[in-house]
Amino acid sequence: KTLARRFWKVAAPYWWSEDKAQARLQLAGVFALTLATTGISVGFNFLGRDFYNALADKDQEQFTKQLLYYLGGFAVGVPFFVLRDYARETLSLRWRSWMTSYYMKRYFKNRTFYKIQSQSLIDNPDQRINDDLSAFTGTALAFSLTLLNAVVDLVSFSNILYGIYPPLFVVLIVYSLGGTAISVFLGKSLVNLNFMQEKKEADFRYGLVRVRENAESIAFYGGEENELQLLLDRFRRAYQNLSELLIASRNLEFFTNGYRYLIQILPAAVVAPMFFAGKIEFGVINQSVSAFNHILSDFSLIVFQFQSISAFSAVIDRLGEFDDLLGENGSSLSPRRDSIDGINISFKSGSPSVLSSNGSQMQSEPGIVLEICDLTLLTPRGGNILITDFNMELKDKDHLLGNGAQRLWEDLIAACFGWSLD
């Protein structure tokens with residue numbers, strides 16, 4: 001239920017946006033081309049039957065005629081398949097462009113990007129906007145068209161197959177339902193593994209970007225070894241998860257490959273006794289195999305597409321989680337207003353130097369000139385938390401380097417001393 005809710009929440013806004021008229025028109029065109037390709041497939045099914053009948057009857061004139069029909073069918077039909085895929089990819093790109101703008105505006109509204117980062121509410125929002133949106137739009141359209149094609153295929157080819165040999169249709173139903181059940185059992189761990197792989201890969205990539213952006217600071221402090229170990233640890237986590245993902249995929253592939261190869265001979269084996277008995281023509285065997293494969297593909301979407309479905313489910317989860325966060329009207333993004341009771345800031349003057357009788361300076365332990373305890377600093381207008389539970393001791397002759405947001409240090413110094421750096 002959560003997955004379906006998140007899918008609808010992410011997918012729906014575009015189709016009711018200011019671009020809805022053009023989007024719906026383009027979607028209708030894609031659906032029309034999909035229906036046309038299904039009709040062409042049905043036509044090729046009957047052309048194949050007559051072609052192989054002519055071949056089995058050694059009728060050269062009829063064979064040549066059917067061959068010309070086949071070539072004509074290719075010339076007419078292939079453009080429909082190409083245009084369908086092109087129209088789908090174009091619509092996917094248009095959808096992605098709108099969604100990227102939509103999410104970016106929400107991400108930057110009311111400094112949401114800063115609140116998400118400062119409070120660590122979700123991981124890698126950049127990946128969700130860039131990679132997940134691209135995967136979502138392309139896969140959502142592809143699966144929608146696949147489902148539409150499956151429904152039309154099922155109606156069209158079921159009638160053909162049932163008319164050829166009803167027991168073969170029963171075999172198909174049992175075979176496809178059994179295969180689906182086994183696929184779900186073998187691949188049930190793939191959804192979570194794909195979700196975690198997306199997260200761990202993004203964490204590793206973010207670490208590399210962080211090193212590039214902070215190269216000067218890392219070199220200045222000699223932090224190469226720490227950064228290297230951190231990156232290697234993140235990569236190790238991604239590697240371990242990918243290893244588990246490959247094992248789960250391997251176990252599923254053992255079954256799905258056998259499942260695919262068996263269907264190449266199963267329909268012919270079922271109808272062969274009728275051909276030997278002279279009840280059907282040779283071309284009908286080819287027709288039954290073609291219809292069987294079409295219907296089996298429709299019934300076995302989960303078997304053939306399980307890995308793609310599991311990866312798409314992970315994308316829906318990540319985008320849905322991001323959308324839920326952006327859609328909470330700031331309830332979880334509002335800054336926490338911690339109590340400032342208990343802050344203790346004291347400024348101490350250093351003691352005057354004491355000279356010995358021979359004029360030399362006495363050596364003494366440096367005194368503490370500034371002590372800050374449990375400081376929480378908020379921005380004056382927005383009330384956003386800049387720093388919490390800050391503690392610091394500054395001793396005589398110590399040096400302090402403030403590295404980070406300029407405004408944060410300005411506010412901190414102003415809070416401690418009342419100084420202005422303007």
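1. Residues 67-87 are 100% helix and 0% strand, and their end C-alpha atoms lie 30 Å apart. Helices here are DSSP runs (H or I, at least four residues; strands are E, at least two), numbered from the N terminus. This is a predicted model, where local features need pLDDT of at least 70, side-chain atom pairs count only at pLDDT 80 or more, and totals for chains, interfaces and linings use all residues. Residues are numbered from 1 along each chain as its sequence is written, and side-chain values use heavy atoms, with hydrogens and water left out.

2. The span 67-87 is one of those that an unreviewed UniProt entry annotates as "transmembrane region", along with 27-47, 133-152 and 164-186. Such annotations may be inferred rather than shown by experiment.

3. The structure has 26 aromatic pairs (rings of Phe, Tyr and Trp, the last by its six-membered ring, with centres within 6.5 Å; planes under 30 degrees apart are stacked, over 60 edge-to-face, the rest tilted). Y14 and W95 are stacked, at 6.1 Å centre to centre and 20° between the planes. Y14 is in helix α1 (residues 2-15) and W95 in helix α3 (residues 60-108), 81 residues apart. Both Y14 and W95 are buried (under 20% relative accessible area; exposed is over 50%, partly exposed in between, with a 1.4 Å probe and protein chains only).

4. F143 and F312 pair edge-to-face, at 5.5 Å and 70°. F143 belongs to helix α5 (residues 125-164) and F312 to helix α12 (residues 301-326), so this pair ties together parts 169 residues apart in sequence.
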